[in-house]
Amino acid sequence: MGAAALRAPVREVTDEEAARFREHGWALLPRLVEPDYVAGLRERALARLAGRRGRFRNGYVDRAFGQDRDIARHDEAFAALALSPSLGRGAVRLLTGVEAVRLQVTNLLVKEPAAGDGHGATAFHQDFPWMPMDRSAMLTVWLALDDVPADMGALRFYSGSHRYGTLGRSFVRDGDDALADHPWLETLELSEPLDLAAGDATVHSALVVHGAPENRRDRPRLSFTATYFDAAALYTGAPYGQTDGLGLKVNEPFDHPWFPVVPTA
């Protein structure tokens, strides 16, 4: 069965959640996806990760978590979720002034327990400074594929930090996290530690500063992310691994199969 024939059970974003997102730059979306569907995703994730897990050492990001990029291109159930009309409608609703969104990337993420040779904390950072888009209307849905207690490494956010524009890249060199570069961020409210159940999600702006502690449990943290951006955004030509070599034209939209417009009906 192809992804187009699957229908992921995703609920609608509420008015209250949209208001919280706009005010704080992030929001909690409890039971965004039905637990039975998430259980199937978890089984698919574990099967895909079998024999491939372990500590990754080839970059600063890989010290914080492992990732299987573009999982939706390889798995129909993840594709059905990422291209869900409900998620498309939700992203449009959350991003001010946006009429449609494109899917930028999907990721299957694993944060191994910190004990032994596991992953470390995820440094506080913004997502947008890396991106080759000419506007920052972008968000990421972060879905728990299993129960994720706060001490397993659920995300935390500096509320309101999305109002301060692009603050520079992290994961470039030692000690370059957003807090080290911008100590004033600690005057903002840091979100409380979150206990997430499988199927719960958070959504955050590409400009909000966020990070995650180490995984202090004895099992891996499993999550799925889907990132969406304004379908009207233009390509800047900035170097970026995902877009280099695709033949995108500077100052034109991202008209490429890797960046589909997400249906809303």
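How many aromatic pairs does the structure hold? The structure, which is a predicted model, holds eight aromatic pairs. Its protein chain has five helices and nine strands, and buried residues make up 54% of its 265 residues. The points below take up the aromatic contacts, then the sheet, and finally the chain as a whole.

**Aromatic pairs and their surroundings**

- Tyr164 and Trp184 form a tilted aromatic pair, with 5.0 Å from centre to centre and 55 degrees between the planes.
- Because Tyr164 lies in the loop between strand S6 (156-157) and helix H5 (178-181), while Trp184 lies in the loop between H5 and strand S7 (201-205), this pair ties together parts that are 20 residues apart in sequence.
- Tyr164 is partly exposed, at 46% relative accessibility, and Trp184 likewise counts as partly exposed, with a relative accessible area of 33%.
- Phe254 and Phe259 form an edge-to-face pair, with 5.5 Å centre to centre and 80 degrees between the planes.
- Phe254 has a relative accessible area of 0%, so it counts as buried, since the cut-off for that class is under 20%; Phe259 is buried too, at 0% relative accessibility.
- Phe254 and Phe259 also belong to one aromatic cluster, which they form with Phe229 and Tyr235.
- A further contact with an aromatic ring involves Arg73, which lies over the face of Trp258 at 3.6 Å from the ring centre.

**Sheet**

- Three strands make up an open sheet with the order S4-S8-S6, and their pairing is antiparallel.
- Strand S4 (122-125) and S6 are the edge strands, each of which pairs on one side only.
- S4 is joined by two bridges to strand S8 (residues 210-212), and the two strands run antiparallel; within this pairing, Thr122 has Ala212 in S8 as its bridge partner.
- In general, the strands of a sheet pair through backbone hydrogen bonds, in either a parallel or an antiparallel manner.

**Chain as a whole**

- Read from the N terminus on, the elements of the protein chain follow the order α-β-α-β-α-α-β-β-β-β-α-β-β-β.
- The protein chain has a radius of gyration of 17 Å, which agrees with the value near 18 Å that a compact globule of 265 residues would have.
- Taken along the principal axes, the C-alpha atoms of the protein chain fill a box of roughly 45 × 45 × 40 Å.
- Of the contacts in the protein chain with a separation of 6 or more, 83% are accounted for by residues 24 or more positions apart.
- The protein chain exposes about 11,700 Å², of which carbon and sulfur atoms supply 51%.

Technical notes:
Residues numbered from 1 in each chain as written. Predicted model: local features only at pLDDT ≥ 70, side-chain atom pairs only at ≥ 80, totals over all residues. Heavy atoms only, no water. Phe/Tyr/Trp six-rings, centres within 6.5 Å; stacked < 30°, edge-to-face > 60°. Helix = DSSP H or I, 4+ residues; strand = E, 2+ residues; numbered from the N terminus. Buried < 20%, exposed > 50% of the residue type's maximum accessible area, 1.4 Å probe, protein only. Lys NZ or Arg CZ within 6 Å of the ring centre and 35° of its normal. Pairing = 2+ DSSP bridges. Rg over C-alpha atoms; globule rule 2.2 N^0.38 Å. Contact = heavy atoms within 4.5 Å. Areas by Shrake-Rupley, 256 points an atom, 1.4 Å probe, with all protein chains shown as cover.
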